[in-house]
Amino acid sequence: MDYDSIAKGRRRNWKPLLPEEVRKEEAEARREAAREKRKGKKSTELGREEYRRRFREDSEERDQALWLRTKRQSIILLGGFLLLALGWSGFKLGMKSWRIRENREALSQVQSDLAGGATIADLSTPPFAFATWRSAWLTGDMRTAVSMLSATTFRAITKNRSRPEVMRQWADMYSRGAYESRIQLAQAFEKAEVLAIPSKPWSDGDLAVFRSAPYLRPKEMGEPHRYTLAFSYDSNSKQWLFADLRDADFFSVRWLSEKQIMPVKSGLNATRYNESGYPIN
């Protein structure tokens, strides 16, 4: 019985009857198919792993690129902010320097006018108000001296009398030489310096402060003193009015508004201030 006859029959387990060479070829074919299948699976696994690896690398590259872009943008924004801040600070410093120079020049001009014999009556700016105060006391113009008192100062020193009444009293005292000390103090402000002038727009009660050269009152012993002269802005009249005059040791440069000015105490109760405006006793 040969192979073909068996293959045509009904015997089911005919493989053992196959020739040895055929069985070996089929076994080798099956092993080869299994190897190919394993290779395919392995390739598939390797492909998946390679895909995952590349995906991770791409994600990392995208994240790195995003981080670098964000970093660059942050640096640019920070740099822009710093440039803007520096520019604004420089602008403010420039404006402050310009304002100081402008006020000094204005003060120098009105002082020169006064020295030349001019009479000044202008309360529109701090330098002019300062010159108006000096002019009034140097020429005996008590009408101007009283009219330029701020409402707060007028109430504090006149005890609710009317301004015309106070004008008459001051004029009489001036003519009798009762204000010689005040006149000499007004003269001592010839070489005054600007301590503070606020920037515009001015608000009600803002202070402008000037300081005199060292001065020793008549019959006074000891070292010369410097004095501060302050004017406050009145928003109703749009004028700078007289607010305070005192020994500079008792005036705080931290006072920026007339409401902050404290009354001068006498004796051991008096409060002195350092150059920065802080109490020292």
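Guide: Let's start at Phe242, which touches Trp133, Met148, Leu149, Ser150, Thr153, Leu229, Ala230 and Phe231, leaving aside residues up to four places away in sequence. This is a predicted model, so local features need pLDDT of at least 70, side-chain atom pairs count only at pLDDT 80 or more, and totals for chains, interfaces and linings use all residues. Residues are numbered from 1 along each chain as its sequence is written, and side-chain values use heavy atoms, with hydrogens and water left out.

Visitor: What makes something a "touch" for Phe242?

Guide: Contact means heavy atoms within 4.5 Å. Ala230 is on the list of residues touched by Phe242, although the two are 12 residues apart in sequence; C-alpha to C-alpha they are 6.4 Å apart in space.

Visitor: Is Phe242 buried or exposed, and how do you know?

Guide: Its relative accessible area is 9%. Buried means under 20%, exposed over 50%, and partly exposed in between, using a 1.4 Å probe and protein chains only. With 9%, Phe242 is therefore buried.

Visitor: Where does Phe242 lie?

Guide: In strand β4. Strands are DSSP runs of E with at least two residues, helices are runs of H or I with at least four, and both are numbered from the N terminus. Eight of the nine residues of β4 are buried, so this strand is largely enclosed by the rest of the structure.

Visitor: What makes β3 and β4 a pair?

Guide: Two strands pair if DSSP finds at least two bridges between them. β3 (residues 227–234) and β4 have eight, in the antiparallel sense, so they pass that cut-off. Ser232 stands opposite Leu241 in β4, and Asp234 has Gln239 as its bridge partner.

Visitor: Which order do the strands take in the sheet?

Guide: The open sheet has four strands, in the order β1-β2-β3-β4, with antiparallel pairing.

Visitor: Why are some of them called edge strands?

Guide: An edge strand pairs on one side only, and that describes β1 (193–196) and β4 (239–247). Neighbouring strands are turned by 25 degrees against each other on average, ignoring direction. Three bridges join β1 to β2, and five join β2 to β3.

Visitor: What makes β2 "mostly covered"?

Guide: Five of its five residues are buried. On one side sit Leu207, Val209 and Arg211, and on the other Ala208 and Phe210.

Visitor: Why is α3 called oblique to α7?

Guide: Under 35 degrees counts as roughly parallel, over 145 as roughly antiparallel, 65 to 115 as roughly perpendicular, and the rest as oblique. The angle is about 140 degrees, and that makes α3 oblique to α7.

Visitor: Which residues make the contact?

Guide: Trp133, Arg134, Trp137 and Leu138 come from α3, while Arg182, Ile183, Ala186 and Gln187 come from α7. By class that gives five nonpolar, one polar and two charged residues. Ala, Val, Leu, Ile, Met, Phe, Trp, Tyr, Cys and Pro count as nonpolar, Asp, Glu, Lys and Arg as charged, and the others, Gly among them, as polar.

Definitions and conventions
Axes are lines fitted to C-alpha atoms, for helices over the stretch in contact, and angles run from 0 to 180 degrees between N-to-C directions.
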